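Me: I should like to learn how to read the structure shown here. Please take me through it one feature at a time.

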Amino acid sequence: MKKTHIIAVLIIVIICLSACTPKNDDTTVLLSELTQAESVMYEHPDSSLHILQEMQVPASSDKLQKATWALLLTQAKYKNYVEELADSTLINIAYDYFMKQDNPRRKAMVLYYKGVLYGKADKMNEEQESYLKAIEEVKKTKDYQLAHLIYSNIGNIYLYNSLHEYALQMFKQSLHYARLSENKNYVCSAYYYLGKLYSVLFDFDNSIKYYKEAIQTADTLHNYNVLINGMNEIAGVYTETKDYQSALSYAKKALRLKEIIELPTKKGLEQSFLVIGNIYRHINKIDSSYYYLNKALSATRIETICATYQALYYISREEKNYERMNQYCDSMMIYQDSIWKLNKSKEFM
């Protein structure tokens, strides 16, 4: 009897301790639809979005469920390239709830997507601040996929602002967490961004090394976004090192893939036309260069058009065709002025 009494007392103590222990992991009490949507978010974001849109919206009185639904729906829309993300209503519902809770993972997620929305609104200072706060929270978790995304995004901000040493630190951390997450697509992206940064630093050996890692990994994963962009970027690096045959080989592979593969964020072919036209200019195949550069002029991005006119200007100067040279120079200056005004407008905003 005495032994039974002791066991009964121990059970009561354990129950009391459990009741007094704060629960930081809210996922244990989530609606089944929310748990299911989150479990497939990274591998099948389209399925996650479908679940969240089809489920009954949680009542405002149930703040945990409503905030989680709002956060996951924001995440699912972003992963499915849904442009409604410009509306910050959903993320604000999540922000108002989770920033008051003791849950670092949810805080990091909220801050990350707040940063994404700030980026879409060209509010770079707020975007950077939000990501830096997210880093402090995600360090307390084992959500390595989210950590990779946060470090990757802030690395790109530093790269854009020419803070190259800071960008390098962020991209190295991005790769570190991508490897820990065992998400091969994230590892692939991390290689790509390191290749990009090292090319800006004129460290072409490291740039080629990481681009090749990205291309090889992307090829096995059928990740055509990274595969095509990586081939175009490494073609640019090989052009800088005057290895024009390697440059042309990668650029043409990228163009062929871009022509046959359907991508959710597929950009125009004009960037590839510019890259190939520029390579032909360097190896003095002028007719081929003119052919591709003129095709590149149909681009919608003014940066691409400006760079194309610059390449055409160089050809006409080498040919001493002064009439064409003046024409291309005038066009290039017009687009350079437009780019300058656009950048000044963004800085002002």
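**Confidence and helices**

Reply: pLDDT is the predictor's confidence in each residue, from 0 to 100. This is a predicted model, in which local features need pLDDT of at least 70 and side-chain atom pairs count only at pLDDT 80 or more, while totals for chains, interfaces and linings use all residues. Residues are numbered from 1 along each chain as its sequence is written, and side-chain values use heavy atoms, with hydrogens and water left out.

Me: Over which residues does pLDDT stay under 50?

Reply: Where pLDDT is low, the predicted coordinates should not be read in detail. Here pLDDT stays under 50 over residues 1-27, for which the model has 11 contacts beyond four places in sequence; contact means heavy atoms within 4.5 Å. The protein averages a pLDDT of 88, and 86% of the residues score at least 70.

Me: How many helices and strands does the protein have?

Reply: Helices (H or I, at least four residues) and strands (E, at least two) are DSSP runs, numbered from the N terminus. The protein has 17 helices and 0 strands.

Me: Which residues of α12 are buried, and what covers them?

Reply: Buried means under 20% relative accessible area, exposed over 50%, and partly exposed in between (1.4 Å probe, protein chains only). The buried residues of α12 include V226, L227, I228, G230 and M231. Their cover includes α10 (184-200), α11 (204-221), α13 (244-260) and α14 (270-282). In the protein, buried residues make up 45% of the 349 residues.

Me: Is T308 buried or exposed?

Reply: T308, in helix α16 (residues 302-318), is buried, with a relative accessible area of 0%. Leaving aside neighbours within four places in sequence, T308 is in contact with L274, L293, A296 and L297.

Me: Which residues touch the most other members of the largest nonpolar core?

Reply: A nonpolar core is a set of buried Ala, Val, Leu, Ile, Met, Phe, Trp, Tyr and Cys residues joined through side-chain atoms within 4.5 Å. Of the 105 residues in the largest one, L52, W69, L71, F98, Y112 and I150 touch the most other members.
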